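Please consult the sequence and the structure alongside the text.

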Amino acid sequence: MRRLTDNWRSTTARLVLIYGSFFALWGIVVIGLIHWQAASYLTRVSNELIGRQAEYFTMLDEPTRRHALNDYVSLETRQLNAWGLFDARGKPLAGTITALPSQVVINGAVAIVPQGLERNDGHAHVSVRAAAVRLDDGRILLVSRDTSIVDRIGTIILQALLWGISLTVVPGLLGGWLLARGPLRRVHAIREATLPIMRGDLAQRLPVSRHGDELDMLAGIVNAMLDEIERLLGEVKGVCDNIAHDLRTPLTRLRARIYRLQQQFDEGSSENATLEACLVDTDALLNRFRALLRISELENQQRRAGFDQVDLAEILQEVHALYLPLAEDRGQQLELELPPLPPIRADRHLLLEAFSNLVGNAIKFTPSGGRVAIRARAAEDGPWVDVCDSGPGIPVDQRVAVTRRFYRTESCRSTPGSGLGLSIVSAIARLHGYTLQIADSESGARLSLHCRDAASV
Amino acid sequence: MPRILVIEDDDVTAREIAAELASHGIETDRVADGREGLRRAADPCYDAITLDLMLPGLDGLSVVTQLRGQGIATPVLMISALSDVDERVRGLRAGGDDYLTKPFAPDEMVARVDVLLRRHRQQGQHALLRVADLELDLVRHVVRRGETQLSLLPTEFKLLEFLMRHAGQVLTRTMIFETVWGFHFDPGTNLIDVHIGRLRKKIDAAGCTPLIHTVRGSGYSLAQTD
C-alpha cells in the first residue's frame, strides 16, 4: 500500500535531496569564506591601527601624550578605545583600564583579550585587542580597541547563513515531497492498471496522461508492447481455433466411416472391437476440439443477451440431481447445502454448464468412497458456490495454470479428460464478471465461484 | 418411402446427408438456394426438411418463418455452424423442430430426422405409452412393468417417457441430454450412461426381457426384440 515515506523514494525527491544538500554545503563554504576574509581583514586593520597608535604614543612627551590619549578616547564614539598607564610593576596609575591582562606582552605586539579588560568606566567584558609598550621612564602604557565588531560580523554572517539555509532547504524539501507525489500517484495508477493485465486481461492498457513526460513515454512503450503481445496471442489462439475448426469436419467424416465400417462386422468379432476402440479415440478427439471451440466461443461472446434473473438454488439442485447417480456409482457422497439465496442476473445455460463442469471434475478426481459437496452461501456482494472434494487437491503453484487450456496437473495424467473443463468454467466466470477461486478444502480441493452482483462491482 | 427436402448450399454436406439418409431408406431432393427451397418446401410430398441456416438468396431463419407463416407444418431440422444456445433458441422459436450443429455425426443426423418423421406421422399426445409389457401413464404418473408398479425418480420418468415416445428409434446421448434435461453443453464422462444404467436396472429387472438396448457407437433405443 502507499505510505508517506514512499514519496521520498521517488526520483524527484532524491534529486531535491541531493541538490538541497549540495546547495546547503556550497552556501556554508561561500559564507565561511566571506566570514574568514572579512574577519581577517578587519583584524589586520585593527592590529595595524593599535600597533601604530601604541608606537605613536611612546614617541610623545608626557603632556602631549596625556592630551593625545584623552583625544584617543573621546574622538572615538561608543568608547571603543581605552588606555591605561601602569607603573613598572603593573600598578594602575591613570586611564580607564585598571589591570594589565595576562595575554599582553609588553613589547608593542597586539594581542586579543577575549574576556575583556578590567575598566573603571563600565565598559568591561567586551572582547578587545590590546598592545602594551614600555615608556622611556619604565611605566607601561596599554592601549586597547574594542574589536567585538569583528565577532559580531561573524555572528551576523552565521545567522544569515542559518536563515538562508532554512529558507531554502525547508521549502525545498517540502516542495520536493509535494512534487514527488504527482508522479507517484501516476505510478500507482499504472500499477492498478497492470493488475487486470497480469490476471490475463490483455485488452487493458496503461494510462497515458497529456503531459508526455518520461512516465508517459514508458507507458507508451509498454502499451505498444502489450498491443504486440495481444496481437501475437490472438494469432496463436486464432491458429488453434482454426485448426480445431478445420479438423473437426474431416474428423467427423472419419468417425462416420469407421462407424459404417463397424456396422458391417458382427458384434463380438475382433474387427468390431478394434473399430469400437477407434470410435472411442475419435470421439475423444472430437470432444477436445468441441471444448476448445466452445471456450473461444465463450471468450468472444461479449453481449449478454441470454442474461436474466436466475434462481441459483434451482440450478444447483439440477446439477446435483444430474450428477448424483454418477457419484453414487463411484461410491461417493454428493452433498448439497443450500441456504436461501437471492436471484442473480446470469445466463442460466452457461451457469449450468459451469457448475456441471465443476461438479463433474470434483467427482472425477475424488477417489471411490470420497465426498463431494456443493455448498452455497449468501454474501453482501453476491452468493458464493463452493464445490469441495476429498480428492488430491490442486497444488498452490498450479492453481492459476489449471484454468488454462489443456493444463492438467502431473498427478492426474492417468485420469481421462481434455483438461479443458476448468478453462470453460473460467471463461464463463469471466463473461459474467464472476471470480473463480481455487483453494484447499478440509480434505481436498475447493473451487469457489463468486457470483458477484454486477451492480456491486 | 419417406421423402426429405435437403436445403443446403454446401455440396459436400448435401452429398453426405443424401448418402446417409439413402442408406436408411429415405429419399432426398436437394436445393441449394433459400428462395428456391422455400418454393419447393410448400410441396406436401415431403415428410421433413433439413435446412441449412446460412443460405444464398434467403437465409434459413427467414425460410422457416415464411414456411410457418404459410401454415406449412412439415418438420424442419435446422443445421448450422453456430453452436450458440441463443442461435438455437432463435431457430426453434422461428418454427424449426430441431437444431443440429455442423459438423455432425451422420448417425446423429439420421436419428434426429427419424424422430421428426415419426413425430410427423403420429401426431397427438397419448395418455398411455406402451412397449411390450411396459406401461407409462402420463396422467397418473405411474410406470408398470407387467404386474409390478415401478417407482421412478422424476428425471428417470422423463427419460423413460422420451425413450418410450420414440420406441424403436435410435436416440443419441446428445439428443437424450438435450430433450430430457434441456441442456445444450457437452456433459462429458459417461453421465448419460449412468442415468440410463439406473433406469435399466429398474425397468429390465432380472428375469424380464431387456427393453433398453445400447446401440454401439450411437446411443440407446427402447424396443421389444423378438
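The structure is a predicted model. Chain A has 457 residues, of which 27% count as buried, and chain B has 226 residues, of which buried residues make up 40%.

**Overall make-up**

- Chain A contains eight helices and 12 strands.
- Chain B is likewise made up of eight helices and 12 strands.
- In chain A, 62% of the contacts with a separation of 6 or more are between residues 24 or more positions apart.
- For chain B, the corresponding share of contacts between residues 24 or more positions apart is 58% of those with a separation of 6 or more.

**Nonpolar cores**

- The largest nonpolar core holds 105 residues, and the members that touch the most others are A:Phe355 and A:Val359.
- Helix α7 of chain A, residues 348–365, supplies the largest share of this core, with 10 residues.
- Leaving aside residues up to four places away in sequence, A:Val359 touches A:Val319, A:Tyr323, A:Val372, A:Ile374 and A:Val387.
- Another core, of 21 residues, lies apart from the largest one; among its members are A:Trp83, A:Phe86, A:Ala130 and A:Val143.

**Interface between chains A and B**

- At the interface, 26 residues of chain A are in contact with 24 residues of chain B.
- On the chain A side, the elements that give two or more residues are α4 (214–263), α5 (270–300), α6 (312–329) and α7 of chain A.
- The element that gives the most to this side is α4(A), with seven residues.
- By class, the side of chain A that touches chain B comprises 10 nonpolar, eight polar and eight charged residues.

**Helix α1 of chain B**

- Helix α1 of chain B covers residues 11–23, 13 residues in total, and reaches 18 Å from its first C-alpha to its last, close to the 18 Å expected at 1.5 Å a residue.
- The buried residues of α1(B) are B:Glu16, B:Ile17, B:Glu20 and B:Leu21.
- Viewed down the axis of α1(B), these buried residues fall within an arc of 120°, so they line one face of the helix.
- Exposed residues B:Asp11, B:Val12, B:Ala22 and B:Ser23 are carried on the face of α1(B) turned away from its buried side.
- After α1(B) comes B:Gly25, which has a positive phi near 75°.

- Strands β7 (residues 134–137) and β8 (residues 142–145) of chain B run antiparallel and are joined by four bridges.
- Within this pairing, B:Asp137 stands opposite B:Val142 in β8(B).
- The two strands β7(B) and β8(B) form a hairpin with four residues between them, and B:His141 in the turn has a positive phi of about 60°.
- Strand β8(B) also pairs with strand β9 (residues 148–150) of chain B, in the antiparallel sense and over three bridges.
- Here B:Val143 stands opposite B:Leu150 in β9(B).
- The hairpin of β8(B) and β9(B) has two residues between the strands, and B:Gly146 takes a positive phi near 65°.

Technical notes
Residues numbered from 1 in each chain as written. Chains lettered and ligands numbered in written order. Predicted model: local features only at pLDDT ≥ 70, side-chain atom pairs only at ≥ 80, totals over all residues. Core = buried A, V, L, I, M, F, W, Y, C linked by C-beta atoms within 7 Å. Buried ≥ 20, exposed ≤ 12 C-beta atoms within 10 Å, placed from the backbone. Contact = placed C-beta atoms within 7 Å. Nonpolar A, V, L, I, M, F, W, Y, C, P; charged D, E, K, R; others polar. Pairing = 2+ DSSP bridges. Expected span 1.5 Å × (residues − 1). Arc of directions from axis to C-beta.
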